[in-house]
Amino acid sequence: MEKVNVTLMKDFYLTELSDLPEVRISLFVMILLIYLVTLAGNGAILLAIGTDDHLQTPMYFFLSNLSLLDILCPTVTVPKMLQIFLSEDKRISFMGCMLQLFFLIDVVGTEIFLLAVMAYDRYVAICSPLHYTSIMSKQVCAQLTAWIWLLGFINSMVHTSLTFSLSFCGMNKINQYYCDLHPMMALSCSSTFVPELVLLLVASIIGSGAFLVTLISYIYIISAVLHMHSAEGRRKAFSTCGSHLTVVCLFYGATIATYARSNSTYSPKQDRIISMLYGVVTPMLNPMIYSLRNKEVKRALVKVFRLKRFY
């Protein structure tokens, strides 16, 4: 009898950000503008780093990876959300939902690892400047980048396979504007104990590990900066590290609040707000944070777009 009630779902239905018709157009325009600014800002960073010889350093190599992830993250969810605004067709296929979840977790996991590696890079640059080029060689940077992308892929494969091995029955409306782990588990009519336990363990390990790497790196960085005799050196070091630390706080705070908790505390409205922060708003802010606080990036952008009036 239990088997009869379990149905194989061909489609899921996503939830709009707002059910109010009068704000639908406003939300569509706002999110579209944010998405276009995100593409333009991160695309400009990639172009500047790729064309300026002065930016061919490990820090900017990792920054280019961050910009790429910041393009991919909203691209996984925003186009579908905009299509729903226009057509009001909230359906997403089973395979489409699975792919959306996979790519989203892949990008989020990879970015968490990347931000920890960027903190370590700043630690080496400030605390061991004489050995920086040997420690953070091109080969080491390439290996670290390959590892963080691979770990992000494996992490996503584990969560996606566990989530979509569940049985879904009854209502197939996802209480989120995209396919995510907690909303998908909430639809399951089978036990979510294993995927929920794995999610909590992995999220805690990744979150704690990334936090510890970042925290220890910045403890050493702050100590080294405070012992600098040059005021200009201290200002430059704090400026560079401040940009990264701002991005870390924005991204880690939102992702840990979303994934490092049990399914029993899942709140659809709260999750939609938090997910908008790390999935849509933060990728737009990152290039602004780095470009506005970094003279080298601004100089490269001016050179690329030939905006000499800013000099």
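Colleague: Which residue forms a salt bridge with Lys90?

Modeller: This is a predicted model, in which local features need pLDDT of at least 70, side-chain atom pairs count only at pLDDT 80 or more, and totals for chains, interfaces and linings use all residues. Residues are numbered from 1 along each chain as its sequence is written, and side-chain values use heavy atoms, with hydrogens and water left out. A salt bridge is a side-chain nitrogen of Lys or Arg within 4 Å of a carboxyl oxygen of Asp or Glu. The closest N and O atoms here are 3.4 Å apart, and the partner of Lys90 is Glu16.

Colleague: How many residues apart in sequence are the parts that this pair ties together?

Modeller: Helices (H or I, at least four residues) and strands (E, at least two) are DSSP runs, numbered from the N terminus. Lys90 lies in the loop between H3 and strand S2 (91-93), and Glu16 in the loop between strand S1 (11-13) and H2, so the parts tied together are apart in sequence by 74 residues.

Colleague: Is Glu16 buried or exposed?

Modeller: Buried means under 20% relative accessible area, exposed over 50%, and partly exposed in between (1.4 Å probe, protein chains only). Lys90, at 25%, is partly exposed. Glu16 has a relative accessible area of 7%, so Glu16 is buried.

Colleague: What is the distance between the closest N and O atoms of Arg122 and Asp121?

Modeller: Arg122 is buried at 11% relative accessible area, and Asp121 is buried at 1%. The two residues form a salt bridge, with the closest N and O atoms apart by 3.0 Å.

Colleague: Which residues do salt bridges that share partners join into one network?

Modeller: By the rule given above, the count comes to four salt bridges. Those that share partners make one network, and its members are Glu16, Arg24 and Lys90.

Colleague: Which residues of the largest nonpolar core touch the most other members?

Modeller: A nonpolar core is a set of buried Ala, Val, Leu, Ile, Met, Phe, Trp, Tyr and Cys residues joined through side-chain atoms within 4.5 Å. The largest one has 57 residues, and those touching the most other members are Leu66, Leu115 and Tyr252. Among the helices that each supply at least two residues of this core are H3, H6 and helix H4 (94-127).

Colleague: How many residues are in the second, separate core?

Modeller: Its members include Ile105, Cys179, Leu181 and Leu199. The number of residues in this second core is 17.

Colleague: Where is Leu69, and is Leu69 buried or exposed?

Modeller: Contact means heavy atoms within 4.5 Å. Leu69 touches Val107, Thr110, Glu111, Leu114 and Trp149, not counting residues up to four places away in sequence. Its place is in helix H3 (residues 58-87). With a relative accessible area of 0%, Leu69 is buried.

Colleague: How far apart are the end C-alpha atoms over residues 60-78?

Modeller: The unreviewed UniProt entry lists this stretch among its "transmembrane region" features; such annotations may be inferred rather than shown by experiment, and their positions are given in the numbering used here, with feature names shortened. The chain there is 100% helix and 0% strand, and the end C-alpha atoms are apart by 27 Å.
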